[in-house]
Amino acid sequence: MNILQINASARRATDNEGSTSTRLANELTAGLRAANPAATVTVRDLTLTPHPVLDEAALGALFTPADKRSPEQAARVALDDALIAELQAADTVVIGVPMYNFNVTAQFKNWIDAVARAGVTFKYTEKGPVGLATGKKVYIVTSRGGIHRDQPSDQMTPYLRTVLAFLGMTDVEFVYAEGMAFAAEQGLSQARAQINQLLAA
């Protein structure tokens, strides 16, 4: 098993403090590794090393043929290539991402923009788009200050299901730590119960 863990909070996690989504993602990854001692784990920490935004310069680099890119353009594309290679090598992906303003963090949106590349992780056909990043189990651990699960305010869950399926990842499980702004212990307890159920399965 090759596990890719992506930490996508704006806050780092240290012991029992900091990012809830990252701490819970760490626990889930540890459980997966305990059940699969030979597993390898790659951690992409977007909190400590944020990925650059997809701006005009980045688009220019991506649309310039590889043999005609400037050194700066080649370096920019290489940053995205590294994220794509990590995703392609993984058969299990653990994503820790909180809800900010009803959707994913800017850190994680930058990751999505980096790995969603036509002809590499998806392709267009006469019958519509086809995802190429297939054969992966995905766990998404998300923390929220309020209660949003199965509510109209949760725009994050359907967005993630849509974009991951677009890339070919349809086997997706969610872990929710909710009410963290007013009932943190209960939110953590419920999330850990969900993690234990997933690991037991």
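Buried means under 20% relative accessible area, exposed over 50%, and partly exposed in between, using a 1.4 Å probe on protein chains only. Keep that handy for the tour. You're looking at a predicted model, where local features need pLDDT of at least 70, side-chain atom pairs count only at pLDDT 80 or more, and totals for chains, interfaces and linings use all residues. Residues are numbered from 1 along each chain as its sequence is written, and side-chain values use heavy atoms, with hydrogens and water left out.

**Stop one: S19.** Select S19, in the loop between β3 (17-18) and α1 (20-35); helices (H or I, at least four residues) and strands (E, at least two) are DSSP runs, numbered from the N terminus. S19 is buried, at 2% relative accessible area. Leaving aside neighbours within four places in sequence, S19 is in contact with S9, R11, R12 and A13 (contact: heavy atoms within 4.5 Å). Now show side chains: S19 and S9 make a polar contact of 3.4 Å. That term covers a pair of N or O atoms within 3.5 Å; within protein, one must be able to donate a hydrogen and the other to accept it, and residues adjacent in sequence count only if both atoms are side-chain atoms.

**Stop two: S21.** Step into helix α1 and pick S21. Buried or exposed, then? S21 is buried, with a relative accessible area of 0%. Its side chain joins that of S19 through a polar contact of 3.2 Å. Not counting residues up to four places away in sequence, S21 touches S9, G96, V97, P98, V141 and S143.
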